[in-house]
Amino acid sequence: MQYVCLVYAEDDAFRTLGPAGQKILDADSLAYDQELERLGHLVLAHALRSERDSKVVRRRQKKKLVIDGPFAETKEQLVGFIVIEATGMDEAVAIAGDIPMAGIGTIVVRETLNFA
């Protein structure tokens, strides 16, 4: 089964780490992705740019509406995602618990739907 681990963090969380802490977090995150790949769990992983650089797109009554992000006023923003293979939710949660960003943010684990 595939699961998406949605990684949320406050924008300030990265600034409070400082440059050295950010380098360590980046290295730890890359190493964990490589370990997940080695174990056959990793499908895809990406970090995302700040929501301040995003666009929100909607279509209503056949009209496309585009506005600058962020759309939601929340403390934590979506900063990345990891798609994993796991035998079930318990294993997916165990994998998510070791994601380095869990130390400064929040990981939401959701099973994907297969429409085929």
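This is a predicted model: local features need pLDDT of at least 70, side-chain atom pairs count only at pLDDT 80 or more; totals for chains, interfaces and linings use all residues.
Local features need pLDDT of at least 70, side-chain atom pairs count only at 80 or more, and totals for linings use all residues. Residues are numbered from 1 along each chain, and side-chain values use heavy atoms, without hydrogens or water.

**Stop 1: the sheet.** Select the four strands in the order β2-β5-β1-β6, and you have an open, antiparallel sheet. (Strands are DSSP runs of E, at least two residues; helices are runs of H or I, at least four. Two strands pair if DSSP finds at least two bridges between them.) Which strands stand at the edges? They are β2 (42–47) and β6 (106–111), each with a single partner, so one side of each has no neighbour in the sheet.

**Stop 2: β1 with β6.** Now colour β1 (residues 2–10), which pairs with β6 over six bridges in the antiparallel sense. Zoom in on Val4 and you'll find it opposite Arg110 in β6.

**Stop 3: helix α1.** Show residues 11–38: this is α1, lying across β1, β2 and β5 (76–85). α1 runs at about 165 degrees to β1 (axes are lines fitted to C-alpha atoms, for helices over the stretch in contact, with angles from 0 to 180 degrees between N-to-C directions; contact means heavy atoms within 4.5 Å).

**Stop 4: the lining of the largest pocket.** Pick Phe14, Asp26, Ala47, Val79 and Met101, which lie nearest the centre of the largest pocket, out of 27 lining residues. (On a 1 Å grid over the protein atoms alone, a pocket is an open set of points where a 1.4 Å probe fits, with protein on both sides within 12 Å along at least five of seven lines; lining residues have an atom within 4 Å of a point.) Which element gives the largest share of the lining? That's α1, with nine residues.

Conventions
Two strands pair if DSSP finds at least two bridges between them.
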